[in-house]
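Please keep the sequence and the 3D view open while reading.

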Amino acid sequence: MTQIALPLRPDRLVDAALLLGQSNGHVPAMLGNYAQWPFRTALLLGPPRSGKSSFGAQFASQPGSLFLDDADRIGADSLFHSWNRAQAEGLSLLLASAVPPADWIARLPDLASRLASAQMIAIPQPDEAMMPALLTHWATRIGLVLPPSLIDYIALRMERSYAAAEAVILLLDQWSLERKIPVGQKLAREALDQLFPGIGPEHDQGHL
């Protein structure tokens, strides 16, 4: 796993995009290839907390770039205006969304054909190898010290997703502070049972 320098927001935890693994390691190179995008436009699609905003902020820091987050929530008129502006001014346009484009482009008939040919950049959920690193990443960000053995224990018994990694670490930190006890296997098991009931190491994580 490697880390890249992205703009930090002091008012919140840093997005998981700071941690690169097999599931998202392709994104920086694809964003850097904007000159080859059809219409210089790309759609960045990924699940919640996968770092789309941080990747977009890095992209937007380049001259001649325009980034729109949560593109599925932008009104048709505003989105169409942004497209026209990007084309008229020769800007590279990046649209990010957690929603599949078919669910929101269909509502924008004037843009559907144009965006259908845009470069697609997809961020899947993290693979099994990335989960311990994600848990360690979130724990380090909030100053929660967890031994590798406990990280591995948690990783085997939880949903495999960016959002889940953040959620379990935040809950463990909250309970540890509230109960004034260190995080151990007992507390971890309790948190896992609350957040991910029925999930254990015997389950096929690939289908979660």
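## Starting point: a pair in the sheet

Leu43 stands opposite Leu95 in β5. Five bridges join β3 to β5, and the two strands run parallel. Strands count as paired if DSSP finds at least two bridges between them. Helices (H or I, at least four residues) and strands (E, at least two) are DSSP runs, numbered from the N terminus.

The model is predicted: local features need pLDDT of at least 70, side-chain atom pairs count only at pLDDT 80 or more, and totals for chains, interfaces and linings use all residues. Residues are numbered from 1 along each chain as its sequence is written, and side-chain values use heavy atoms, with hydrogens and water left out.

## Overall layout

The protein has eight helices and six strands. From the N terminus on, the elements run β-β-α-β-α-β-α-β-α-β-α-α-α-α.

Of the 208 residues, 45% count as buried. Buried means under 20% relative accessible area, exposed means over 50%, and partly exposed lies in between (1.4 Å probe, protein chains only). Among contacts with a separation of 6 or more, 74% come from residues 24 or more positions apart. Contact means heavy atoms within 4.5 Å.

## The parallel sheet

Four strands form an open sheet in the order β4-β5-β3-β6, with parallel pairing. β4 (65-68) and β6 (119-122) stand at the edges. Each has a single partner strand, so one side of each is left without a neighbour in the sheet. The twist averages 20° from one strand to the next.

β4 and β5 (residues 92-97) pair in the parallel sense over four bridges. Phe67 stands opposite Leu94 in β5. Leu68 has Leu95 of β5 as its bridge partner.

## The buried strand β5

How many residues of β5 are buried? Six of the six are, so β5 is largely enclosed by the rest of the structure. In a regular strand the side chains alternate between the two faces of the sheet. Ser92, Leu94 and Ala96 point one way from β5. Leu93, Leu95 and Ser97 point the other way.

## Two loop residues with positive phi

Arg40 has a positive phi of about 50° although it is not a glycine. Arg40 sits in the loop between α1 (27-32) and β3 (41-45). Its relative accessible area is 28%, so Arg40 is partly exposed.

Asp70 also has a positive phi of about 50°, and it is not a glycine. Its place is the loop between β4 and α3 (76-89). Asp70 is partly exposed, at 32% relative accessible area.

## Helix α3 against α4

Two packed helices are described by the angle between their axes and the distance between the axes. Axes are lines fitted to C-alpha atoms, for helices over the stretch in contact, and angles run from 0 to 180 degrees between N-to-C directions. α3 and α4 (residues 109-116) pack at about 45°, with their axes 10 Å apart. That makes α3 oblique to α4. Angles under 35 degrees count as roughly parallel, over 145 as roughly antiparallel, 65 to 115 as roughly perpendicular and the rest as oblique.

The crossing of α3 and α4 is left-handed. A crossing is left-handed if the near helix is turned anticlockwise from the far one by less than a right angle, and right-handed if clockwise. Leu79, Phe80 and Trp83 of α3 meet Asp110, Leu111, Arg114 and Leu115 of α4. These residues divide into five nonpolar, no polar and two charged. Ala, Val, Leu, Ile, Met, Phe, Trp, Tyr, Cys and Pro count as nonpolar, Asp, Glu, Lys and Arg as charged, and the others, Gly among them, as polar.

## Helix α7 against α8

The axes of α7 (residues 162-179) and α8 (residues 185-195) come within 10 Å and cross at roughly 130°. That makes α7 oblique to α8. The crossing is right-handed.

From α7, the contact residues include Leu171, Leu172 and Trp175. From α8, they include Leu187, Ala191 and Leu195. The residues of this contact divide into 10 nonpolar, two polar and two charged.

## Met131 in helix α5

Met131 is found in α5 (residues 131-141). At 2% relative accessibility, Met131 counts as buried. Leaving aside neighbours within four places in sequence, Met131 contacts Pro126, Ala155, Met158, Glu159, Arg160, Ser161 and Ala165. The C-alpha atoms of Met131 and Asp152 are separated by 8.6 Å, and the two residues are 21 residues apart along the chain.
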